[in-house]
Amino acid sequence: RISSATSLSSAIINTRLQELVKLFKERTEKVKEKLTDPDATSDDESPTTSPAKPAPAAAPVPPPAGEPEGDKPAEDEHYCEMLCCTFKYRPWLDHLKNYRFPSSIDPLTNLMYVLWLFFVVMAWNWNCWLIPVRWAFPYQTPANIHCWLVVDYLCDLIYLLDILVFQTRLQFVRGGDIITDKKAMTENYLRSQRFKMDVVCLLPLDFFYFKVGVNPLLRFPRCLKYMAFFEFNNRLEAILSKAYIYRVIRTTAYLLYSLHVNSCLYYWASAYEGLGSTTWVYDGEGNSYIRCYYWAVKTLITIGGLPDPKTLFEIVFQLLNYFTGVFAFSVMIGQMRDVVGAATAGQTYYRSCMDSTIKYMNFYKIPKTVQNRVKTWYEYTWHSQGMLDELELLVQLPDKMRLDIAIDVNYNIVSKVALFQGCDRQMIFDMLKRLRSVVYLPNDYMCKKGEIGREMYIIQAGQVQVLGGPDSKTVLVTLKAGSVFGEISLLAAGGGNRRTANVVAHGFANLFILDKKDLNEILVHYPESQKLLRKKAKKMLKTSNKPKDEKGAPRDPLIIPPKADTPKLFQAALAATGRMGGKGPLAQLRWRLKELKAMQA
């Protein structure tokens, strides 16, 4: 009993001592790492921040009688947590009451200005489309004249607000500086050509109504506000993801408007000659606008089948219609072709590249399996990112804009790489511009075991598998989007940059690649980051090469280190035997030890 108790106590003490040695060793390594690497984080907890007081404007509303405070409906409270503070949103009505109109407007990026241009263009379209109709057709009568005038003066009010409120607040560039001074913006607008056209648009010719009656032609200057229409087109195309759809609609509207004006002119000519007086003029039956529009379509498109004109006026009018129709229709077809060609330019480039590649493979008699994989790569790359090479698009942009795009696309992924944490932020930005996007097909190998590693891979989309085992086909781990592999090979030296496993794409995979050459060119300008990266790379290699037990965890340190396999004196004797070239038992034992070491290696 005494001996068993003693052995149990010694086992407990030995286990406890091993735990203490392990804790002391870990603490020593952490302190050493903190001294050598200032960027290393401490395990000490950061002090907690004191809770901030709520904003005085967000005082809570007392609950009604009989209702406990904890049972308030969740939808009545709107909170926004920022850092350690909690702010309460004001109701939308308060936001509306406290809204202040901006003192200056950026015409290139302000969506409110684009919305205002939409209303201005709607008022301009009202005048352009309905002034010819009211002048030619008998749709404006004394019974409905007040309705026409109300809408007319509402459009005039929009024109006036555009001059007084919006155009005098538009920012402009002078000498490379963006001018936001109210007086300077007003003077810039008053000196512009647009101000002169806007003043002409609002000429008060309506006073002639008292003398000649309500004649819609007196409102014709309202149609001269075409500059707002073209500006609206430019701003709208800049914010639309598929601007070619709007261009097709706009070109179609041009054609419809030309037919609209021609139908109004035909009714005016028929009324001038007398409705139904000849077979060429409109006979006055049915819907007058539809019948005249049908005649205008047949004339401008030169379909034929029209009655022959009888009088000189009818002949001259018809000749002018034919010449105008041929010219207008050819212009519309050419513009529509340009719009459709610009919309499908990318698709045309993709088809031409793919056709050239197929022609090349057929010329050199490439196997069909390889040709099918090339075609699959073309199709997937085009459908996944809309282009074959992203660098062709970004090369046209300035360096600063390329950096902004690279930060938005790649920074969240690269910042999570443990190897680059603590490095210079500007070095990370320079590295983002060197990343290349590559698409891999299913079962494509990114790297093979034993290869020299010259790239680091960042998974953007898809999955890759790390293969190992005796047959190099066992899936060791599956990496998903956001994972990184091959980063140690960028900085490893002395043979440590060889691949240790096969990495294959599980399906279609989009990866970012950083070359070792590009990283070395960047690190020349950041020596501190270079030292930190090399230190981290050595530490990661040391961690990955630590001996592990059967369960995969690092072995516990032993209090008494194991005895050396071969004593030093015996090793010296073996070495002397080898130099003397003896053939005794020591020589045989020395040869046997060499074989054992080779087998262990």
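Biologist: A polar contact is a pair of N or O atoms within 3.5 Å, where within protein one must be able to donate a hydrogen and the other to accept it, and residues adjacent in sequence count only if both atoms are side-chain atoms. Which side chain does the side chain of Asp 206 contact in this way?

Modeller: The side chain of Asp 206 makes a polar contact with that of Tyr 153, at 3.3 Å. This is a predicted model, in which local features need pLDDT of at least 70 and side-chain atom pairs count only at pLDDT 80 or more, while totals for chains, interfaces and linings use all residues. Residues are numbered from 1 along each chain as its sequence is written, and side-chain values use heavy atoms, with hydrogens and water left out.

Biologist: Is Asp 206 buried or exposed?

Modeller: Asp 206 counts as buried, at 11% relative accessibility, where buried means under 20% relative accessible area, exposed over 50% and partly exposed in between (1.4 Å probe, protein chains only). Asp 206 sits in the loop between helix H6 (193-201) and helix H7 (209-212); helices (H or I, at least four residues) and strands (E, at least two) are DSSP runs, numbered from the N terminus.

Biologist: Switching to salt bridges, how many are there in the whole structure?

Modeller: The search finds 20, a salt bridge being a side-chain nitrogen of Lys or Arg within 4 Å of a carboxyl oxygen of Asp or Glu. One of them joins the side chains of Arg 194 and Glu 231 at 2.2 Å, N to O. Arg 194 lies in helix H6 and Glu 231 in helix H8 (residues 226-239), so this pair ties together parts that are 37 residues apart in sequence.

Biologist: And which residue does Glu 521 meet in a salt bridge?

Modeller: Glu 521 meets Arg 434, at 3.2 Å from N to O. Glu 521 is in helix H17 (residues 516-523), whereas Arg 434 is in the loop between helix H16 (425-432) and E5, 87 residues apart. Salt bridges with shared partners also join Arg 134, Asp 152, Asp 156, Asp 206, Arg 219 and Arg 222 into one network.

Biologist: What is the strand order in the sheet with E5?

Modeller: That open sheet of four strands runs E5-E12-E7-E10, with antiparallel pairing, and two strands pair if DSSP finds at least two bridges between them. Strand E5 (436-440) and strand E10 (484-485) are at the edges with a single partner strand each, so one side of each has no neighbour in the sheet.

Biologist: How many bridges join E7 to E12?

Modeller: Six bridges join strand E7 (residues 455-461) to strand E12 (residues 509-515), and Met 456 has Leu 514 as its bridge partner in E12.
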